[in-house]
Amino acid sequence: MNRRSLIATLPLLLTACSPEPELHLFEAEPTNTRIVFAELELDTYWDYELEVGVRYEWRNEWYYGWDEEDERIWGDIGYTMPNVFNIRRYFTGSTPYAPHTRVIQNTIEGNTFQGEFNYGFWDMLVFNDIKLRDGVQSLNFDETTTLDSITVYTNQSMVKSRYYAQRYTHAFYEPEELFSAYEQAIEITRSHEGFEFDAARNVWVKRLNMVLRPITYIYLTQVIVHHNNGKIVGVEGSGTVSGFARSSVLNSGRSNNDPISVTHQTRWKKDCIMNGEKVDIAGGRLLTFGICGHPCGRLSSKTEVHDQEQHYMDLKLLFNNGLDSTFVFDVTQQVRDRYKGGVLTVELDMDTISIPTRSGGSGFDAVVKEYEEETHEISM
């Protein structure tokens, strides 16, 4: 794959009303009619430049690992292959790029689609059906506010948010994995211009190679604890990351400008190996709509990112005296660098942090920047 981004070739084969030969979906050999996800692995999404000439190697940053328990909680570490797709077709008559007045909805399993098309111009939107792990879907699809686009969003969770509290008192649920492709002004002509004729099946064929790109973006979070020596014994189940978009538009892939915090589950692991050192790590996997106001999956360079939000990762760590403390980490630059998703890493040196002595929730609230910079502890 040239850019190692998600490239899904979807041969949508169109059928129009016409005299013989009838215009049908072309049912070619599987190699020609299937959606190509053969290289759908984590690095195919995260192989991009952090700086000019510097490729992002996420595996060099990821020390938490991924064992059977992680897979039970989150599933695969990267994106999973969709096999059911939703299609929205919009007929605009003789005017290309005209506003949509009605929609035809279809769902396909696998990689072929058959339908009838009037002569004229069509817009088509393709997005994957949601694959649920726990039977509960977080994504909501707004298809009624306007027919010209579909907005996807999630709702607030039960986890309180310290950010954007005046507007949203709670963090939002993660979205599910979502990909989309949109093409406008597809012309169906009586002369069959741009079509192929399949003599064996006596049909006309039009091929659309649509590129499905991510609408939601995976971040792997890890808080690496040095010199712990049993001081921290675990992590409360949920953590949040702030500054991500509340929703996105399937047609354009652009996220909205409404920042929120997103909650995700975390897990504690002891004795992980980092460059020969044994460390303890609080890790997790987070899906988001990405940076506000950006079609991140469609961007090709970090220079196209103009992020105005601050991004903070917080989680509650549990200490061996039965108390807990909430730690807050500034990961703004990491998110901006990893605008298509990636690993968010912060480090704690427990030789510099005292065990809390106050009860009643957080013993203290520590704001910690990058480990290589100065570490700050703010007592409450």
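## The largest pocket

In this predicted model, 33 residues line the largest pocket, and those nearest its centre are Trp74, Lys131, Arg133, Glu176 and Leu287. A pocket here is an open set of points on a 1 Å grid over the protein atoms alone, with protein on both sides within 12 Å along at least five of seven lines; a lining residue has an atom within 4 Å of a point. The volume of the largest pocket is about 940 Å³, meaning the space filled by probe spheres set on the points, with grid points joined across faces, edges and corners.

By type, the lining has 13 nonpolar, 11 polar and nine charged residues. Ala, Val, Leu, Ile, Met, Phe, Trp, Tyr, Cys and Pro count as nonpolar, Asp, Glu, Lys and Arg as charged, and the others, Gly among them, as polar.

## Elements in the lining

At least two lining residues come from each of helix H3 (68-74), strand S21 (259-274) and strand S22 (277-288). S21 gives the largest share, three residues. Helices (H or I, at least four residues) and strands (E, at least two) are DSSP runs, numbered from the N terminus.

## A three-stranded sheet

Three strands form an open sheet in the order S9-S10-S20, paired antiparallel. Strands S9 (140-142) and S20 (247-249) are its edges, each pairing on one side only. Two strands pair if DSSP finds at least two bridges between them.

Strand S10 (residues 151-153) pairs with S20 over three bridges in the antiparallel sense. Val152 has Ser248 in S20 as its bridge partner.

## Basis

Residues are numbered from 1 along each chain as its sequence is written. Local features need pLDDT of at least 70 and side-chain atom pairs count only at pLDDT 80 or more, while totals for chains, interfaces and linings use all residues; side-chain values use heavy atoms, leaving out hydrogens and water.

Terms used: On a 1 Å grid over the protein atoms alone, a cavity is a set of points where a 1.4 Å probe fits but cannot get out, and a pocket is an open set with protein on both sides within 12 Å along at least five of seven lines; lining residues have an atom within 4 Å of a point.
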